[in-house]
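Biologist: I am new to this structure. Can you take me through the terms used for it, one at a time?

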Amino acid sequence: MFHSFFPQPKLFFTSAAIWTAICIAVWYTVGPQIGAAIGLPPLAPGEKAPLGLAFFLSPDNLWFYLYFFIFVLVFGFAWKIIARDHPWTNWSIWGSAFIVFIAYFAVQLQVALNNWRGPFFDMFQKGLSGDKSVTAGQLWGLQWYFLEIGIVFVVVNVVTAFFTNHYVFRWRTAMNDYYMSLWPKLRHIEGASQRVQEDTMRFANILEGLGVVFINSIMTLVVFLPLLFQMSEYVGDVPILGAIPHSLFWLAIGWSLFGTALLAFAGIKLPGLQFRNQRVEAAYRKELVYGEDHADRADPVTVRELFVNVRRNYFRMYWHYCYFNAARFTYNQLDAMLLTFILIPTVAAGRITMGVWQQIATAFGEVSNSFQYLVSYWSTIVELLSIHKRLKAFEAAIEGEPLPEIDQRYLETQMEEEGRPA
């Protein structure tokens, strides 16, 4: 699944994680000083970030683009030398780097929008007060900045969707070519054709969605956590807990980790059930396919027995999804009211304006949603894990490792039917 597309996957991803940690550490320690030395300094303390398109061309953002480009080139060329014979390095290295950058830029769009919310909603609140100090022209001027950000948002999303579609199809192509080159080893595994055609397709499509969202979540945390840390200064006492330094920062992390642990515990059985569900569905479908060409196959007794297995597995899944959904929907409802509950004393004390409220709500929501990746996409992750289990049988056959028990039983049955020794 991975070594067909990425060079030496374990080493590649480990080195990428270490290199990323180094890049982040350098950026947050000496990065601003280096930027200032080359004429691209960060914002001065108390200086407001520019609005609209000017935000993306500010000196600190231009310095980050250059910084990212330099570190990617170093990492990419090192791996091009290490894996000079791998056929997919251009897509797996440079394509992955581009996806990471575009994910970061998408998060910057949210930051630009959050910067806009403060002055716009403060002016909006002042206009609603009826003191006639706000003109329509001022509000339209701020709306223009919103339109600029919106145009960039449309372009970035179109480019992201187009590129990731091609990227993921290349990954599927790499898997397909690799498996088909070893087809004589794999053809006797149950549902081999389905695993090569359908499972690789579903694996690639699910990874397209989950992978992009995961990278976006990481980038969101990197960008919004420091912002939420700063915004906590507006918040006074927290209900029940009282005064907590940087309360929004710690509550967002704690609440999100609680939700992740809750959903992981509630859904721990689901990947295995989904895997077994694909098994019984494949067995039922295969018998029907045999019945199309052979009159002695797909007889009513056999088909009824196979369908009973399908029904039994689905009913078991419905039960486990029942309590999983109860935990998920309960958590989501509590999550929807958490921030308002926390900020009621602060709002009642008049410590924040409507603009600051909008900025806090956005930053808290972005951080919370990023930490809740597992909560939001658990059902999809379950499907991906079940597909991964099926494709691992191919990996086992290729590497000469023992097949999963259920695959071994199927292979023994097939050999007996074909009159070969098991």
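Modeller: Start with one residue in this predicted model. Leu248 touches Leu228, Met231, Ser232, Val235, Leu339, Ile342, Leu343, Ile360 and Phe364, leaving aside residues up to four places away in sequence.

Biologist: What makes these residues count as touching Leu248?

Modeller: Contact means heavy atoms within 4.5 Å, and the residues listed for Leu248 meet that cut-off.

Biologist: Which residues have the most contacts inside the largest nonpolar core?

Modeller: Phe56 and Leu248 do, in a core of 54 residues. Helices H1, H3, H4, H5, H7, H8, H10 and H11 each supply at least two residues of this core. H4 gives the largest share, 12 residues.

Biologist: Why is a set of residues called a nonpolar core?

Modeller: Its members must be buried and of listed types, among them Leu and Phe, and be joined through side-chain atoms within 4.5 Å. Buried means under 20% relative accessible area. A second, separate core of 24 residues includes Phe163, Ala174, Met175 and Ala204.

Biologist: At what angle do H3 and H4 pack, and how far apart are their axes?

Modeller: The angle is about 160 degrees, and the axes are 10 Å apart.

Biologist: Why is H3 called roughly antiparallel to H4?

Modeller: Angles over 145 degrees count as roughly antiparallel. The angle here is about 160 degrees, so H3 is roughly antiparallel to H4. The crossing is right-handed.

Biologist: Which residue classes make up the contact of H3 with H4?

Modeller: There are 14 nonpolar, 5 polar and 1 charged residues. Those from H3 include Phe64, Phe68 and Lys80, and those from H4 include Trp94, Phe101 and Gln108.

Note on methods. Residues numbered from 1 in each chain as written. Predicted model: local features only at pLDDT ≥ 70, side-chain atom pairs only at ≥ 80, totals over all residues. Heavy atoms only, no water. Buried < 20%, exposed > 50% of the residue type's maximum accessible area, 1.4 Å probe, protein only. Helix = DSSP H or I, 4+ residues; strand = E, 2+ residues; numbered from the N terminus. Axes fitted to C-alpha atoms, helices over the stretch in contact; angles between N-to-C directions. Parallel < 35°, antiparallel > 145°, perpendicular 65-115°, else oblique. Left-handed = near helix turned anticlockwise from the far one by under 90°. Nonpolar A, V, L, I, M, F, W, Y, C, P; charged D, E, K, R; others polar.
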